[in-house]
Amino acid sequence: MFSQDFMLQNIYVKGEVSNCKYHTSGHIYFTIKDAKGTIACVMFAGNRSGLKFRMEEGQQVVVGGSVEVYERDGKYQLYAREIILDGAGYLYEKFERLKKELAQRGLFAPEYKQPVPKYIRTLGVVTAPTGAAVQDIINITRRRNPYVRIILYPAIVQGEQAAASIIQGIHALEQLGVDVMIVGRGGGSIEDLWAFNEEAVAQAVFDCSVPIISAVGHETDTTIIDFVSDLRAPTPSAAAELAVYDVRQLEAVLESCKGDLSRRMLNRLDRERARVKQAQMKLQYLSPASQIREKRTLAMRLEEQLSSLMQRHIREKRYLLGLYTEKLKGLSPLDKLNQGFSYVSDEKGKTVSDVDHVRVGDRLSIHVKNGRIEAQVTDKEKWKQEKGVLEA
């Protein structure tokens, strides 16, 4: 009867998983129950391809399959061909499917992520106007930098109208031209956070020209826009920390830069002064006046050297002249004349040194030390010279 009943061959039973066991053969044995009853279930290894999650105690599931009798025990049980999560589990399965689809479309690709500006003037916030999330963002922003302007779009963050409200908030703040945007809310169940898992919201975040920081729930909560946004913050408070720079740190950095700049400027001025001084000295050395002074000094030094050389040369020549004078004195005819010698010249003034150069009757001049004597040759005699002796 069970096997022939059409309804019992394609039935869905909803309940809580209990006594779940994964057998080494690959079969899964478990029980589903509710407040009124239980039913034993088995999923054979051949049907596990349709199971997208690992079954655990306490999960709410919907099991599809057929009801048949287990002959050995004489009990009927549910032979599962399909198991899907119910409630939160169903949403989780839907979350995984959408996550996979958007990843394949490239919405999570890092090359599309926009860098979050380091220094901003205007912060846009899309969240509920009341609650801890917006207060945390405001408090941290004012503490870190009171000069940053906060523009809040009071969005609906839970319920059927939440997705459309969040999208409108993103578009509105984008048109206002904020520097960066925080989109998020406080913690909650997966049902409470589901608006941030909607495909339309993810597309709006991806298409926004303003960098978006997602800040949904607590640190352990994860939504689709966390993967699509340009930067993910674990909490709204952390998002404010990431979006707003600490003005005190900036002032300290600027003060440090000011000191470093002053030191660099002073060092540069010192180097330039030294360079100018060196150029000035070089210019003075190469200037015409300096060249003239240097050449004049060189000329004076050369003049002194020349004068010294000339004096030394004169002294040397004077000494040699003295030597030559003394030598000439020994050879001088005047000295010979002073010693009683004389020399004879003919009428033409030629010195007579040979008796053959004159004839009897020639007129001769005889020079002595204090005058001249005119004479006429009356006789001449020639001497013979032999072996150093003169003979008449």
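**Ground rules**

I number residues from 1 along each chain as its sequence is written, and side-chain values use heavy atoms, with hydrogens and water left out. Since the model is predicted, local features need pLDDT of at least 70 and side-chain atom pairs count only at pLDDT 80 or more, while totals for chains, interfaces and linings use all residues. I take helices (H or I, at least four residues) and strands (E, at least two) as DSSP runs, numbered from the N terminus.

**Entry 1: helices H2 and H6**

I looked up how H2 (residues 132–144) lies against H6 (residues 236–243). Their axes come within 8 Å and cross at roughly 30°. The axes are lines fitted to C-alpha atoms, for helices over the stretch in contact, with angles from 0 to 180 degrees between N-to-C directions. That makes H2 roughly parallel to H6 (angles under 35 degrees count as roughly parallel, over 145 as roughly antiparallel, 65 to 115 as roughly perpendicular and the rest as oblique). The crossing is right-handed, the near helix being turned clockwise from the far one by less than a right angle.

I then listed the contact residues (heavy atoms within 4.5 Å). H2 supplies Ala133, Asp136, Ile137, Ile140, Thr141, Arg143 and Arg144. H6 supplies Pro236, Ser237, Ala240 and Glu241. By class I find five nonpolar, two polar and four charged residues in this contact. Here Ala, Val, Leu, Ile, Met, Phe, Trp, Tyr, Cys and Pro count as nonpolar, Asp, Glu, Lys and Arg as charged, and the others, Gly among them, as polar.

**Entry 2**

Next I followed E1 (residues 11–22) into E2 (residues 28–33). The two run antiparallel and are joined by five bridges (strands pair if DSSP finds at least two bridges between them). Glu16 stands opposite Lys33 in E2. E1 and E2 form a hairpin with five residues between them. In its turn, Gly26 has a positive phi of about 105°.

E2 also pairs with E3 (residues 38–43), antiparallel, through six bridges. Ile32 has Ile39 in E3 as its bridge partner. Four residues link E2 to E3 in a hairpin.

**Entry 3: the sheet E11-E12-E13**

Last, I checked an open sheet of three strands, in the order E11-E12-E13, with antiparallel pairing. E11 (343–345) and E13 (371–376) are the edge strands, each with a single partner strand, so one side of each has no neighbour in the sheet. The twist averages 30° from one strand to the next. Three bridges join E11 to E12 (residues 363–368). Ser345 stands opposite Ser365 in E12.
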